[in-house]
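The comments concern geometry and contacts.

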Amino acid sequence: METIIILDSGTRYSQMIARRVRECRVYSEILPLHTSIDKIRRQGLKGIIFVKEPSEVNGLDNSKACLNDAIYDLNVPILEIHYGSLSMVNGAENNADSIKNISGYDKADVRILDSHKLFKALEDLDRNAVAGWIDTQNTSGQVPPESIILTTKDNIPIGSVSKERKIYTVQLHPEFFCTEYGKKIIDNFVTEICKCNKDWTMEHFIHTTVEAIRNQVGSKQIVCGLSGGIDSSVAAILVHRAVGSQLTCIYVDHGFMRKQESKQVINTFSREFKMNLVSVNAEKRFLAKMVGVTDPEQKRKIIGTEFIRVFEDEARKLGEVDFLVQGTLYSDVVESGVAQTNVIKTHHNVGGLPDDVQFELVEPLRALFKDEVRLLANALGLPTEIVWRHPFPGPGLAIRIIGEVTKEKLRILQEVDAIYLEEIRRANLYRDIWQAFAVLTNTRTVGVTDNKRTYEYVVALRAIVSEDGMTADWVRIPYPVLERISSRILQEVKGVNRVTYDISSKPPATIEWE
């Protein structure tokens with residue numbers, strides 16, 4: 001399969017670049033920056049993109065900060081993005097000592113001086129400004145000998161092409177959604193320069209993944225942790241397509257689901273999809289583990305561990321089971337700090353797993369982002385109510401209750417959440433919103449009901465739009481809709497006397513509160 005390799009030093013922007021390449025229907029794979037040349041060299045290698053962030057490289061020793069010159073002898077095009085471009089601008093011996101005075105990013109106008117296939121279809125914009133994000137770092141204004149300048153910012157070279165080698169550099173961030181024509185620049189690189197045929201599709205992914213699952217599992221038994229969300233649902237369907245009756249889905253009702261959601265999940269998969277499904281009511285078991293627990297990281301790890309213990313208990317009843325399916329996504333891996341990045345929050349199905357897990361994991365979606373999973377769900381023929389179901393965290397409402405989780409708090413949040421989503425659907429906003437949910441805070445405020453003083457909980461409403469979960473913006477829900485939601489919550493839900501709306505973007509906030 002034709003592949004664009006993205007060499008990563010731990011920056012999350014590598015994932016954004018990978019998505020941009022995949023949007024061009026070209027397969028991309030992320031490898032650590034210092035992967036051996038033998039591992040990078042492979043059949044189907046069409047090009048390499050690498051990106052280095054100052055915050056990652058400044059802490060490396062000189063040997064790690066230098067790129068292996070052998071990478072330039074692979075005879076494939078190489079695109080060096082933002083900080084990575086310094087290796088060409090300053091020479092191959094660039095190291096951590098030469099990187100100083102880093103001041104972050106700057107939104108600026110970039111002027112294209114000369115036409116080039118990297119900027120194909122932008123010819124009409126020659127000598128005109130293209131809005132983009134630039135690294136405002138110590139660019140010296142020098143370019144290597146035998147190179148031509150492509151772009152400038154304030155008369156400083158920020159992009160060049162080697163005449164002798166297939167090396168292209170830009171300090172422009174084409175992976176940022178706010179960079180004008182950024183996607184087109186990446187498309188030009190993979191199509192016009194790397195000559196990729198755009199053969200990576202969801203149909204191709206289904207075929208290769210089903211074969212991989214069959215090779216991994218063989219004739220052994222496998223269980224799937226099914227939540228009813230799109231991730232675990234798609235994972236279950238893929239595995240079922242691969243191994244059929246060898247798969248048993250285990251739905252654990254931990255008591256942290258939305259109102260009436262457990263019944264819907266059980267009916268859908270046991271009756272409509274006719275899959276082997278075991279339903280386990282474990283509400284008391286999980287609630288007991290939550291007593292006195294207030295730290296969100298501890299909640300996630302406890303819930304992740306308890307999930308595995310429930311699976312182990314149920315698997316023993318099924319006989320010998322060797323494999324466990326999980327709907328892990330790449331964004332889960334990144335945020336959990338597995339791909340060299342800093343831990344943002346531990347996802348229960350990644351860093352929250354116990355060290356002594358007794359199953360070999362099958363994670364067919366581990367390389368995909370959320371938007372790709374939706375494309376995959378459509379290709380698999382899943383019903384629209386699953387395809388467009390808003391993302392729901394594995395720990396459920398337990399991480400939407402700030403502080404200790406109790407049965408009474410769950411009741412309150414389930415009622416609030418049901419009203420919120422009902423009104424969102426009534427206003428025909430559900431499909432326009434990537435994720436909408438309510439949070440029960442641990443703050444109480446004074447209120448008045450029936451001329452009597454109350455001292456009850458504050459709930460927060462959150463609605464965001466996103467493409468991949470890596471970045472997000474809050475939704476401008478019309479005031480009349482917010483008013484109707486707030487009025488119903490305050491009138492119908494006992495225990496709440498104040499409603500707020502979260503207008504934070506990601507970053508600096510995360511999507512979930514915990």
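**Notes on the predicted model**

1. In this predicted model, five strands make up an open sheet with parallel pairing, and their order is β12-β11-β10-β13-β14. The edges are taken by β12 (277–281) and β14 (360–362); each has a single partner strand, so one side of each is left without a neighbour in the sheet. From one strand to the next, the twist averages 30 degrees.

2. Within that sheet, the pairing of β10 (residues 222–226) with β13 (residues 323–325) is parallel and runs over three bridges. I222 has F323 of β13 opposite to it. Helix α8 (residues 230–243) lies across β10, β11 (247–253), β13 and β14, and the helix runs at about 160 degrees to β10.

3. How many aromatic pairs does the structure hold? There are six aromatic pairs. A pair of this kind is described by the distance between the ring centres and the angle between the ring planes. One of the pairs is formed by Y27 and W200, with 5.9 Å centre to centre and 45 degrees between the planes, and is classed as tilted. This pair links distant parts of the chain: Y27 belongs to strand β2 (residues 27–32), while W200 lies in the loop between α6 (182–193) and α7 (202–217), 173 residues apart. Y27 and W200 are both buried. Together with F205, Y27 and W200 form one aromatic cluster.

4. Most residues other than glycine have a negative phi. In the loop between α6 and α7, K195 is found, and its phi is near 60 degrees, a positive value in a residue other than glycine. K198 also has its place in the loop between α6 and α7; K198 is not a glycine, yet its phi is positive at about 60 degrees. Is K198 buried, partly exposed or exposed? K198 counts as partly exposed because its relative accessibility is 28%, and the partly exposed class lies between under 20% for buried and over 50% for exposed.

5. Two arginine side chains are placed over aromatic rings. The charged end of R400 sits over the ring of F437, at 4.1 Å from the ring centre. The charged end of R444 sits over the ring of Y457, where the distance from the centre is 4.3 Å.

6. Helix α16 (residues 479–492) contains I485. The relative accessible area of I485 is 0%, so this residue is buried, the cut-off for that class being under 20%. Which residues are in contact with I485, leaving aside its neighbours within four places in sequence? The contacts are I419, Y420, E423, I424 and L461. Along the chain, I485 and V499 are 14 residues apart, and their C-alpha atoms are separated by 9.1 Å.

7. A further point concerns peptide bonds. Most peptide bonds are trans. The bond that joins K506 and P507 is cis, with omega at about -15 degrees. The peptide bond from P507 to P508 is also cis, and here omega is near 10 degrees. P507 is found in the segment after β18 (496–501), and P508 is likewise located in the segment after β18.

Key
Residues are numbered from 1 along each chain as its sequence is written. This is a predicted model: local features need pLDDT of at least 70, side-chain atom pairs count only at pLDDT 80 or more; totals for chains, interfaces and linings use all residues. Side-chain values use heavy atoms; hydrogens and water are left out. Two strands pair if DSSP finds at least two bridges between them. Helices (H or I, at least four residues) and strands (E, at least two) are DSSP runs, numbered from the N terminus. Axes are lines fitted to C-alpha atoms, for helices over the stretch in contact, and angles run from 0 to 180 degrees between N-to-C directions. Contact means heavy atoms within 4.5 Å. Rings of Phe, Tyr and Trp (its six-membered ring) pair if their centres lie within 6.5 Å; planes under 30 degrees apart count as stacked, over 60 as edge-to-face and the rest as tilted. Buried means under 20% relative accessible area, exposed over 50%, partly exposed in between (1.4 Å probe, protein chains only). A charge sits over a ring if NZ of Lys or CZ of Arg is within 6 Å of the ring centre and within 35 degrees of the ring normal.
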